[in-house]
Amino acid sequence: MTEVNKPPRPGGWTRFVTARPRLSLLAALVITALAVLAGSGVADRLGSGGWQDPAAESTYATAALEREFPASQPNLLLLVDSGGSSVDAPSVAAEANRLTARLASERGVEGVGSYWRTKSPALRAEDGREALIAAHLTGDEKAQSDTLDRIAPHYRGAHGPLTVKVGGMVAVRHEMQTTIKEDLARAELIALPVTLVLLVMVFGSAVAAMLPLGIGIVAILGTNAVLRGLTAFTDVSVFALNLTTALGLGLAIDYALFIVRRFREELSTGADPLPAVATTLRTAGRTVLFSALTVAVSLAAMLVFPQYFLRSFAYAGIAVVLLAAAAALILLPAALVLLGRRVDALDLRRLFRRGRGPSRTSGEEGTAWARTAALVMRRAPFFALGTTVVLVLLGLPFQGVRFGTADDRQLPSTAESHVVQQHIRDGFPGNPGGGLEVLAEGRATPAQYAAYKDDMAALPGVLSVDGPLVKGDSAYFTVLPQGEAVDGTAQHLVHELRATKAPFDTEVTGTAAVLVDSKHAIAERLPWAAAFIAVVTLLLVFLLTGSVVIPLQAVVLNALSLTAMFGAVVWVFQDGHLSGLLGFTSPGSIETTLPVLMFCVAFGLSMDYGVFLLSRIKEEYDRTGDHNESVRHGLQRTGGLITAAAVILAVVMVAIGTSRVTNTKMLGLGIALAVLMDAMIVRSLLVPAVMRLTGRATWWAPAPLRRFHARFGLGEGENERPGRGAGAGATGHEVPAESDGEGMADASGGLRTVRRTR
């Protein structure tokens, strides 16, 4: 008996999401409105730090010094410009002392000192025209920010013969937080209209184009509410808002594109809206579910790390991915049932060309991708080797990566706190910010302190040792290293200081110590994070395909697709190429947590596109058993879709990359490059070439795993042939002859199908 294509009967999930579509959409509208209220003001509750390991020695020592010796940890600096006079002039000194006394009387301020009180050369510029007032603002990040907002306007600007600028780490964090909020609003204003135009170009229909955008907005607003709730229990970084916008728009658009495209394909075959939704959810819907799981797994790996900067991106990313998938699988089907064939309404392309129907599943697009697929598979060794070599070469600059810490140079050069720190770097003696503080805890005699100080001074790489300053059973020393604040010498000195024996407990902190501890925390947990991503990704792709070869290919090729991103990050942001064009100041290093963040995000997005392609290949292979034809069909059907989705996501990431904060710029532009390379090089050329080379062995799996997949696997194919399991082509089951490379899409975009008899 010959198989006959029957209208699919709506399954349980389809009945659930389409039973009362109007009620579903109304409930979604109410929930979204509540999310707007719940997420309002979320940016004001987020922190701008989180790069340190909270359990590290440097973190403990910093907190102890802030508590016992607040003057040792100034986080507010007032740069006093004498206006051409010497800072030692009587009128200048009198006004500066009044400012110092006034600052010391402010609530939430302690440890106030100045050049005019201490006469310390480190607080006086070498040209004698500028000097510093230093203080420590108490409390957590929120309390410090509130104090700065309250007092800064009263000190910034002209005071008699003096001009004052406000700087220090509190000012840097505050200005960074404000800048990110402003940049995010601008990025949304750029991304939303451009995305809408691109969606109209992809779909033609203005109605169809609005659906993905609506799903993205729901995901973003919902995630803001989740982050707002999380701030009541844990620290969350303000940088996570950028990822919320990028992934909320990008993934929601990806998922909606895939579902709406498949729905329109089903309508074009004559199916009614409800059966078309049923088929769409059983095929594209499962793909969206798998894609969301793989992306969420990649982002969840950041929970392994102790820095709340990384953990915040996991919180935001997992929430936005799951909300985008939920909206695409619940709200979008309800909307499609209500719209039916009106999903193609308002075809704006007719304003510019005549005689073209609204369908994007036929015509030139399918033919072009069919020709690309045929070419790649005919020249598979050339494309496989050539693209691999190119990707490896693009990644070579990453071999010279230097890790550092985030500082004021993340901000634009015109930012006040950046200006203050740059003046200190350029005009003040010593190595500002490069000192190491050694905290000594436990009762000790002056002789013991002196002996320990001599031992530290004798270490290689030490320029000078100051102290101790004693308070009760605690004391601290300041060690100035030779060279830069976080270069190899300073980092080696941290290890030497920690290894120096003393008759009391010692802890080392400072910029280089924070960097050493951060690198250690990441290196210690990175293998666990990588293993988690690899194992869960292998399992998910196996459940989708039933092959043990395809998951291995997916993980390796995904990792290879990220080489260009990492190479560009070092070449541009570390080495400073294109810094003038892109408008940033290169600190000469990459912040330690950024590569981890970029890998997790970009790997997840690469798997997103990989699942789209593999699911369509698997669907066709289950139906025909023809490996080559299945690969060609998968690329033909998804090549344009994946490219369109990648371009739209890249637009969103580039909009994020217009930020004036360097780390955000690096994140946006780097992931935009990774997404484009993955869609246009890896998915379009490398994956089909490798699958052609591995042939029918691509679908191989040992017998126990085939049985496992037959029972627990979640395939997509709606017409899977009886008697066929994973790896049938490589394990002796009946398989039709391989295609000769011809017989691609006909003019209607259809594909010659092998009919089987039961």
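How much accessible surface does the chain have, and what percentage of it belongs to carbon and sulfur atoms? The accessible surface comes to about 30,400 Å², of which 61% belongs to carbon and sulfur atoms; accessible areas come from the Shrake-Rupley method with a 1.4 Å probe, and for residues only the protein chains shown count as cover.

The legends below concern a predicted model, in which local features need pLDDT of at least 70, side-chain atom pairs count only at pLDDT 80 or more, and totals for chains, interfaces and linings use all residues. Residues are numbered from 1 along each chain as its sequence is written, and side-chain values use heavy atoms, with hydrogens and water left out.

**View 1. Overview of the chain.** The secondary structure comprises 24 helices and 11 strands; helices (H or I, at least four residues) and strands (E, at least two) are DSSP runs, numbered from the N terminus. Of the 758 residues in the chain, 56% are buried, where buried means under 20% relative accessible area, exposed over 50%, and partly exposed in between (1.4 Å probe, protein chains only). Contacts (heavy atoms within 4.5 Å) between residues at least 6 apart in sequence join residues at least 24 apart in 79% of cases.

**View 2. Surroundings of V87.** V87 is found in the loop between β1 (76-81) and α4 (90-104). With a relative accessibility of 0%, V87 counts as buried. Its C-alpha atom is separated by 5.9 Å from that of G128, a residue 41 positions away along the chain. Beyond the neighbours within four places in sequence, V87 is in contact with S82, V92, A93, Y115, W116, R124, G128, R129, E130 and A131.

**View 3. Backbone at K119.** The loop between α5 (115-118) and β3 (130-137) contains K119. Phi of K119 is near 60 degrees, a positive value in a residue other than glycine. K119 counts as partly exposed because its relative accessibility is 47%.

**View 4. Backbone at L578.** L578 is placed in the loop between α19 (563-574) and α20 (579-582). Here too a residue other than glycine has a positive phi, which for L578 is near 70 degrees. The relative accessible area of L578 is 42%, so this residue is partly exposed.

**View 5. Peptide bond between G467 and P468.** A cis peptide bond joins G467 and P468, with omega at about 5 degrees. P468 lies in strand β8, which spans residues 462-471.
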